[in-house]
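Subject: Structure handover

Hello,

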Amino acid sequence: KDELKQKFAMEANKFHSYCNAKQQSLSDISGDLEQQLEQINATRDNVFSEGSDKLEQLKSSAEECDKANIVVNSYTPHTINSLTAQFDQVLKSFKLTSNSVEAQIVAKKSLELSSEQLHELKEVFSVFDNDHDGTLNIQEFREAILGIGIDIEDVDFEKRFSTKIEFSMDDFIQFFIEVNKSGDSKEDILNAFRNLGGGGETMSSEAVDKYFAQVQDVQQYLHSNLLDGNYADFVEKLYLR
């Protein structure tokens, strides 16, 4: 019996350390968001495969102890149940981290423009701002969006902008973002902000800083436009523009 206890204890202690190491590896993930997601998912797949094999071996040792009527093992504080729970928690941590990064990517893509795109939009806006007052009238706006390659049917244009008579640079940029979204639906964007906000109805300034510190233009934009943390209103306005 003592030999069986020591055998299980050795395997159990090693598996416990293995789980701790894999949990800790999440903090070593680096790179941009897409690179982080790739690393997280690749590591998770490896942990699931490798860890599951280790856990099966450990279950065999635990069954041997059960058959020998071993109830208490003084060589280890771990049991097969506690180690199974620990492994499940490691996999859950990888899944939650993956979901968080995916949500950041979706939110970021819904807002972000490259510096080249932003520069081009500002240049086009300036060209069509004939009186240089920082706004475009509806005809200038129509010509400007044609200038960036966006053609809208007259009926759709009038329906969308029937109540608006002048357009700022922000309106112009937001319209470009709307037309050139990553393909994610409004519900995708809402879910992304909901996940980043911890499942609540608002997203705090602290959460914005936590998740968007590496993309300062997006971070600043959210601080300026995510009023009271109400991401639902923010996304609704984003899709109406």
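The side chains of aspartate 171 and lysine 164 are joined by a polar contact of 3.5 Å. A polar contact here is a pair of N or O atoms within 3.5 Å; within protein, one must be able to donate a hydrogen and the other to accept it, and residues adjacent in sequence count only if both atoms are side-chain atoms.

This is a predicted model: local features need pLDDT of at least 70, side-chain atom pairs count only at pLDDT 80 or more, and totals for chains, interfaces and linings use all residues. Residues are numbered from 1 along each chain as its sequence is written, and side-chain values use heavy atoms, with hydrogens and water left out.

More on aspartate 171. This residue sits in helix 7 (residues 169-179); helices are DSSP runs of H or I, at least four residues, numbered from the N terminus. Aspartate 171 is buried, at 19% relative accessible area (buried is under 20%, exposed over 50%, partly exposed in between; 1.4 Å probe, protein chains only). A polar atom of its side chain lies 2.9 Å from the backbone nitrogen of serine 168.

Next, helix 9 (residues 205-212). Its buried residues are Ala207, Val208, Tyr211 and Phe212.

On confidence: the protein averages a pLDDT of 83, and 89% of the residues score at least 70. pLDDT is the predictor's confidence in each residue, from 0 to 100.

Best wishes

Technical notes
Helix = DSSP H or I, 4+ residues; strand = E, 2+ residues; numbered from the N terminus.
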